[in-house]
Amino acid sequence: MTILTQTRNKISLLNGKPVRVLLRYLVIFGVAFVLFGVILWLAGKHPIEAIRDMLVYTLGTPAGLSEVIVKMIPLLFTSIAVALPARVGLINVGAEGQLYIGAMFAAGTALAFPQLPAWILLPMMVAAGLAGGAIWAFIPVFLRARGLVNETITTLLMNYVAPTIVSFFVYGPWRARGTASAPQTVDFAEAARLPSFFDTRIHLGLVIGLVILAAYWYVMKYTRWGLEMRAVGGNQQAARRNGIRWTTYLILAMCVGGAIAGLAGMSEISGIHGRLRPNFSPGFGFTGFLINWLSNGDPIGILLMSFVIAMITSGGDILQLKQGLPFAVLNILLAITLFVVLAKPTLFERKKA
Amino acid sequence: MSLLALLGVLSSAIFSGTSLLYTTLGEVIGERAGIVNLGLEGVMLVSAATGFAVTSVTGNPYLGILASMLTGGLMNMLFGYLVIARKANQLASGLATMFFGFGLSALIGSSYVGAKIDSLPRVLFPGLGGLPKQYTSQFQFDLLIYLVVPVAIGVWFLLFRTRWGLGLRAVGESADTAYAAGRNPNIIRYQALFLAGMLAGLGAAHLSIVYTKTWKEFMTAGRGFIAVALVIFSKWHPLRAIAGALLFGGAVAFQLLLQASGVNVSPFLLDSIPYVLTLVVLMAWGGTRKHSAPASLGRVYHGSE
């Protein structure tokens with residue numbers, strides 16, 4: 001079980017000069033984009049054109065920019081879902097599965113009570129989403145706390161189970177009859193939809209995500225819980241000898257993280273899709289893991305990185321349309337960014353001084 | 001349920017278990033040297049795509065298998081550079097490798113989706129020539145299947161009966177001690193990872209070139225992670241890994257059996273059986289396995305200067 005103690009445990013509001021931090025991120029992404037361009041070039045594509053398209057169509061137009069923010073909403077949730085367990089030294093790679101189960105619980109609630117008014121139904125869906133994600137996260141962390149199985153491998157494997165359960169419901173009991181051939185549930189009632197702003201697809205989930213981010217920052221920085229969680233993550237034995245109930249913290253951190261990932265699923269189906277579909281998430285959970293590592297669990301970093309990564313993933317749609325590249329190619333760019341951070345950890349370590 | 005159907009299920013279990021066994025054997029070597037590679041999923045995908053593309057271009061499956069093995073080794077070198085030279089966290093590096101594999105395999109394979117390839121010839125299992133034709137057709141296996149058990153024994157021999165294997169296991173238990181005894185932990189780890197990558201590439205080649213004869217994105221469907229889980233199940237021992245792969249093959253077979261017998265269960269729930277079974281087995285083995293894990297598994301070796 002010693003594998004996991006290497007997780008870094010700093011939580012800070014950008015200590016170090018903001019300009020230097022910004023410069024570091026620019027260097028990281030600059031290197032990543034160049035390497036990505038080289039790979040595209042080797043594959044016989046036009047790297048400069050591809051990267052220019054990505055930037056112009058996401059940041060250059062109001063519609064593009066609003067789509068970036070839409071994509072950023074689930075990433076806010078999933079990156080906190082990874083960051084919180086990481087504070088106590090847990091590696092949660094299962095946000096993807098937790099997101100699916102959260103969405104499933106929320107959809108079940110929306111389908112069961114279509115006649116309720118929005119002010120009752122939406123909070124119920126939020127609660128259901130939270131519960132679903134927490135349940136899915138409880139299984140691996142319970143096994144970990146009992147010292148049975150490392151949570152990394154269980155959360156990874158459970159990512160493959162969750163979508164099959166969603167598919168079971170969507171193809172089976174919840175399938176809309178008579179309508180389209182594509183399997184999906186019936187459309188949710190209007191009361192089950194999160195309201196959206198300014199004629200765009202940006203929805204209330206953004207506000208919820210920012211509130212959770214602020215809460216995460218406050219709890220970590222100013223409360224006893226935050227301090228004790230960092231103690232557990234820093235040195236489990238020392239924490240235990242100081243009377244901190246570390247198993248409670250392990251389970252709580254993971255379950256709250258899972259609940260937040262479940263909320264990501266709820267906000268996606270309620271704010272964007274308006275129904276439950278199989279395989280609706282293009283890997284938001286995995287991307288959240290990446291964002292947490294890039295931002296080192298720092299709240300402002302999570303906000304910035306979510307935006308940048310959302311920009312890159314919306315760029316993926318553009319690449320697919322304009323260059324005929326598979327969407328999954330985007331993972332190369334994300335991976336190289338993470339490679340650069342992993343290979344050059346001093347870029348982050350130095351700010352401690 | 002006729003005997004014939006049962007044999008068919010058994011046969012497909014062997015086919016689906018083979019790629020997993022190769023990959024698991026590779027991961028046993030890597031973890032014995034102290035390195036957990038969660039990037040196997042990505043390594044397998046890139047190998048599968050490369051091997052398929054080479055087979056499709058050259059028309060020669062043996063070249064494809066060779067390309068697949070080399071690709072696996074090289075992908076693991078990338079991972080090895082991060083965790084050995086840059087001393088990065090192994091789990092995060094593994095996941096980064098996984099992301100990289102997702103993307104790179106999609107890029108490599110994109111022009112080969114739906115392509116047709118020549119595969120390895122299938123040969124009847126020796127000694128069964130006398131059976132009726134509908135039975136013998138269930139025992140037509142390819143070279144890689146016949147080789148997998150000898151390879152497992154070879155890995156066992158390498159790890160437990162050679163000086164190199166002794167050094168490798170010493171590095172996995174305590175890199176500092178191995179260094180003091182005159183071994184170079186970093187070089188041994190690179191060698192172990194390269195070998196592990198080649199075996200993962202062989203498994204991936206069996207999946208894409210021999211078994212399914214197609215390429216599609218994410219075709220390994222978690223086999224890389226299941227291999228990591230099976231290493232724990234097999235207590236880091238190559239011969240017990242055979243049992244692990246049979247177990248997984250059995251889970252797939254059971255799933256096919258249920259589907260074939262027309263039981264009224266959603267196919268989606270059946271799809272999750274291999275993953276659920278792996279989880280259950282991990283739980284059941286959880287308490288007893290601690291002593292057998294290499295002592296410095298996952299630790300960064302900072303050098304002994």
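B:Lys87 sits in the loop between helix H3 (61-85) and H4 of chain B, where helices are DSSP runs of H or I with at least four residues, strands are runs of E with at least two, and both are numbered from the N terminus. Its phi is near 55 degrees, which is a positive value in a residue other than glycine. B:Lys87 counts as partly exposed because 17 other C-beta atoms lie within 10 Å; with C-beta atoms placed from the backbone, a residue is buried at 20 or more such neighbours within 10 Å, exposed at 12 or fewer, and partly exposed in between.

Before I go on, this is a predicted model, in which local features need pLDDT of at least 70 and side-chain atom pairs count only at pLDDT 80 or more, while totals for chains, interfaces and linings use all residues. Residues are numbered from 1 along each chain as its sequence is written, and chains are lettered from A and ligands numbered from 1 in the order in which they are written.

In chain A, A:Asn279 lies in the loop between H10 and H11, and its phi is near 50 degrees, again positive in a residue other than glycine. A:Asn279 counts as exposed, because it has 10 C-beta neighbours inside 10 Å.

How many residues of H11(A) are buried? The count is 12 of 12, including A:Phe284, A:Trp293 and A:Ser295. These buried residues pack against several helices of chain A, among them H3 (62-87) and H12 (299-323), and also against helix H4 (90-109) of chain B; here, two residues are in contact if their C-beta atoms, placed from the backbone, lie within 7 Å. After H11(A) comes A:Asn296, with a positive phi near 60 degrees.

As for the contact between the chains, 40 residues come from chain B and 36 residues from chain A. On the side of chain B that touches chain A, the largest share, 12 residues, comes from H4(B).

Finally, helix H2 of chain B, residues 40-58, reaches 26 Å from its first C-alpha to its last, close to the 27 Å expected. H2(B) is mostly covered, with 16 of its 19 residues buried, and B:Gly59, which follows, has a positive phi near 75 degrees.

Key
Expected span 1.5 Å × (residues − 1).
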